[in-house]
Amino acid sequence: MKTYSPKPEHIERRWYVIDAGEQVLGRVASEAAVILRGKHKPIFAPHMDVGDHLIIINAAKVVLTGGKEKKKVAWRHSGHPGGITGTLYEDLLAKKPAFAVEKAVRGMLPKNRLGRAMIKKLHVVPGPEHHHQAQKPVDWAIGTRPAWEGLPTPVTAPANGKEKTSSKKAAAREPDVAEPSEQTAARKTAAKKTTTRKPTASKKTAAKKPATRKTTARTTTARQETRKTAATKKSTATKKTAAKKPAARSTTKKKET
């Protein structure tokens, strides 16, 4: 047998109302924690928030037993050294009854991000009236459990213009999907066209090659001309030097005479 794990589409948030008038604070808080965590549902899982919304009315009429209203202290610390303050529940219920109930419920929820998400579904009112009539909450009797109606049915979108347009679009797209052979044939022809264009590129490269050869021929002829000019300059220089030497010899003969 496979272990069931609740899914987001299986979670149905409902609204309940608890009358805390003349009820014990701890009893109301434990019942509220059950509803907020979702332990009254067969799909309960400790790692998920499957609970419902809860409204607590008449929080100012909550009762503490055993004289705890004069003994129990609600402590608070500011975070600074010596910043601790204590308030008796007698004074707390007289000044902030909603805070006293929320504090009791918060202490019975997980101390992590899951508990912080659960406490947001709690709505405490000191009087008998609340502002959540639009949600149509159901009265919750302490100690009872609602009947399980099964998992919620999946919501089907109603037939409207959007669906019709989507169906038209699907019908318009069907021929493209139903005839893959035409698409493949068109792709093949496109591929053939691209392959036929390749020889043109080779022709262009072949046509460009003679131009490079011409430039090399020009460079070779220029080099040959420079070499010829250098050779002619050398020959003229040697001739001049050879012509100057006999003149020097004639001068030496005259000196001897």
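**Behind the labels**

Q: Why is Glu31 called buried?
A: Its relative accessible area is 2%, and buried means under 20%, so Glu31 counts as buried. Bear in mind that this is a predicted model.

Q: What makes Glu31 and Arg27 a salt bridge?
A: Their side chains meet at 3.3 Å, N to O. The cut-off is a Lys or Arg side-chain nitrogen within 4 Å of an Asp or Glu carboxyl oxygen, so the pair qualifies. The two residues are 4 apart in helix 1, which means that about one helical turn separates them.

Q: Why is Arg27 called partly exposed?
A: Arg27 has 39% relative accessibility. Buried is under 20% and exposed is over 50%, so Arg27 falls in between and counts as partly exposed.

Q: How do you know that Arg13 and Asp49 form a salt bridge?
A: The closest N and O atoms are 3.7 Å apart, and the limit is within 4 Å, so the pair passes. Arg13 sits in the segment before strand 1 and Asp49 in the loop between helix 1 and strand 2, so this bridge ties together parts 36 residues apart in sequence.

Q: Are the two partners, Arg13 and Asp49, buried or exposed?
A: Arg13, at 36%, counts as partly exposed. Asp49, at 14%, counts as buried, because buried means under 20%.

Q: What makes Asp49 and Lys121 a salt bridge?
A: N to O is 2.9 Å for these side chains, which is within 4 Å. Lys121 lies in the loop between helix 4 (113-119) and strand 5, so with Asp49 the pair ties together parts that are 72 residues apart in sequence. Both Asp49 and Lys121 are buried.

Q: How many salt bridges does the structure hold?
A: The structure holds 7. Glu12, Arg14 and Glu149 are also linked in a network of salt bridges.

Q: Why is His53 called buried?
A: The relative accessible area of His53 is 18%, and the cut-off is under 20%, so His53 counts as buried. His53 lies in strand 2 and stands opposite Trp15. The residues His53 touches include Arg13, Tyr16, Ile35, Lys121 and His123.

Q: How do you know that strand 1 and strand 2 pair?
A: They share 5 bridges in the parallel sense, and pairing takes at least two, so they count as paired. They belong to an open sheet of 4 strands with the order 5-2-1-6.

Q: What makes strand 5 and strand 6 the edge strands?
A: Strand 5 (122-124) and strand 6 (138-139) each pair on one side only.

Q: What makes the phi of Asn58 worth a look?
A: Most residues other than glycine have a negative phi. Asn58, in contrast, has a positive phi near 60 degrees. Glu22 also has a positive phi near 60 degrees. Asn58 counts as buried at 9%, while Glu22 counts as exposed at 64%, because exposed means over 50%.

Q: Why is Tyr4 called partly exposed?
A: Tyr4 has 40% relative accessibility. That lies between the 20% and 50% limits, so Tyr4 counts as partly exposed. With Trp148 and Leu151, Tyr4 forms a nonpolar surface patch with about 300 Å² of accessible area together.

Technical notes. Residues are numbered from 1 along each chain as its sequence is written. This is a predicted model: local features need pLDDT of at least 70, side-chain atom pairs count only at pLDDT 80 or more; totals for chains, interfaces and linings use all residues. Side-chain values use heavy atoms; hydrogens and water are left out. Patches are made of residues with over 30% relative accessible area and no salt bridge: like charges are joined within 9 Å, nonpolar side chains (Val, Leu, Ile, Met, Phe, Trp, Tyr) within 5 Å. Accessible areas come from the Shrake-Rupley method with a 1.4 Å probe; for residues, only the protein chains shown count as cover. Buried means under 20% relative accessible area, exposed over 50%, partly exposed in between (1.4 Å probe, protein chains only). Contact means heavy atoms within 4.5 Å. Lists of a residue's contacts leave out its neighbours within four places in sequence.
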